[in-house]
Amino acid sequence: MRATKFTALAAATVFAISLAACGSDTDESSSGGATAAAPTMTSAAPSMAPSMSTDMVSFGPGCAAVPTDPANAGSFEAMGKVPVATAASGNPLLSTLVTAVKKAGLVDSLNSADGITVFAPTNDAFAKIPKATLDKVLADKKTLTSILTYHVVPGKLTPQDLAGTHKTLQGQDLTVTGSGEDFKVGADSASVVCGNVQTANANVYIIDSVLMPKS
């Protein structure tokens, strides 16, 4: 009887140890599976980021003058949420251009356009024009409209698409040369000082000279 009891007790002990071992293996493999899955999810996120950031990034020395506070209407983030004429009105580099656009009555036309590229002269670009000449142009709506629409091209041109000859809204062709982050625009070779600025309906390339169509 004693041998029988001892045998039964030993068998129960072995069975209990076996169950514990199985449970331990299951827990470890489950834990190991969770640990292995985490790097897979983590590594997927960075692979998506470069293509998005490359398409959206602005470039050029003039970009340093753009406000960095997202709450500022002239910041890249704020400009990206509104149409182009509204976006320009918040940018400290473009106040003279905004005045010209208003005088020409082009605010609504630019804001409602479905995908355009705008070459936007800075305040310093307009300052290169003698004041008497600039005042005369600003007072002549037909001439002003012709000049301003010469700065607008249909379609949202990325930096990769920028070089080449493009038909402007004014009707004449506009040629852009260069590559990477170095571009010249028009016969007067205006330089892009802050390029690929995003607005809700346009890509903006801020330039250092006013472009003049052929008369």
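I call a residue buried when its relative accessible area is under 20%, exposed when over 50%, and partly exposed in between, using a 1.4 Å probe and protein chains only. By that rule, buried residues make up 36% of the 215 residues in the protein chain.

**Ground rules.** I'm working on a predicted model, where local features need pLDDT of at least 70, side-chain atom pairs count only at pLDDT 80 or more, and totals for chains, interfaces and linings use all residues. Residues are numbered from 1 along each chain as its sequence is written, and side-chain values use heavy atoms, with hydrogens and water left out.

**Overview.** I took helices (H or I, at least four residues) and strands (E, at least two) as DSSP runs, numbered from the N terminus. The protein chain comes to nine helices and seven strands. I then looked at contacts, meaning heavy atoms within 4.5 Å. Among contacts with a separation of 6 or more, 64% are between residues 24 or more positions apart.

**The sheet.** I counted two strands as paired if DSSP finds at least two bridges between them. In what order do the strands of the open sheet lie? I read S2-S1-S7-S6-S5-S4-S3, seven strands with mixed pairing. S2 and S3 stand at the edges with a single partner strand each, so one side of each has no neighbour in the sheet. Ignoring direction, neighbouring strands are turned by 30° against each other on average; the axes here are lines fitted to C-alpha atoms, for helices over the stretch in contact, and angles run from 0 to 180 degrees between N-to-C directions.

**Two hairpins.** I followed S3 (residues 164-167) into S4 (residues 173-179), and they pair antiparallel over four bridges. His 166 has Leu 174 in S4 as its bridge partner. Five residues sit between S3 and S4 in this hairpin, and Gly 171 in the turn has a positive phi of about 115°. Next I checked S4 with S5 (residues 182-185), again antiparallel over four bridges. There, Gly 178 has Phe 183 in S5 as its bridge partner. This hairpin has two residues between its strands, and Gly 180 in the turn has a positive phi of about 60°.

**The disulfide.** I searched for disulfides, that is, pairs of cysteine sulfur atoms within 2.5 Å. How many does the whole structure hold? I found one. It joins Cys 63 to Cys 194, with S to S at 2.1 Å. The link of Cys 63 and Cys 194 is right-handed, with 100° about the S-S bond. Cys 63 lies in the loop between helix H1 (2-56) and helix H2 (76-79), and Cys 194 in strand S6, so the pair ties together parts 131 residues apart in sequence. Are these two cysteines buried or exposed? Both Cys 63 and Cys 194 are buried. I also noted that S6 and S7 run antiparallel, joined by four bridges, and that Cys 194 has Ile 206 in S7 as its bridge partner.

**Val 57.** I stopped in the loop between H1 and H2, where Val 57 lies. At 46% relative accessibility, Val 57 counts as partly exposed. Leaving out residues up to four places away in sequence, Val 57 touches Gly 195 and Asn 196.

**The cores.** A nonpolar core, as I use it, is a set of buried Ala, Val, Leu, Ile, Met, Phe, Trp, Tyr and Cys residues joined through side-chain atoms within 4.5 Å. The largest has 37 residues, and Leu 110, Ile 116, Leu 148 and Ile 206 touch the most other members. Elements that each supply at least two residues of this core include H4, H7, H8 and strand S1 (116-121). H4 gives the largest share, five residues. Beyond its neighbours within four places in sequence, Leu 148 contacts Leu 97, Ala 100, Val 101, Ala 104 and Leu 106. I also found a second, separate core of 15 residues, with Phe 59, Phe 183, Tyr 205 and Ile 207 among them.

In H7, I see Leu 134, Val 137 and Leu 138 buried. Down the axis of H7, the buried residues fall within an arc of 100°, so they line one face of the helix; the arc is that of the directions from the helix axis to the C-beta atoms. On the other side of H7, Ala 132, Lys 136 and Ala 139 are exposed. The buried residues of H7 pack against H4, H6 and H8. In H8 (residues 141-149), the buried residues are Leu 144, Ile 147, Leu 148 and Thr 149. Their cover includes helix H4 (95-104), helix H7 (131-139) and strand S2 (152-154).
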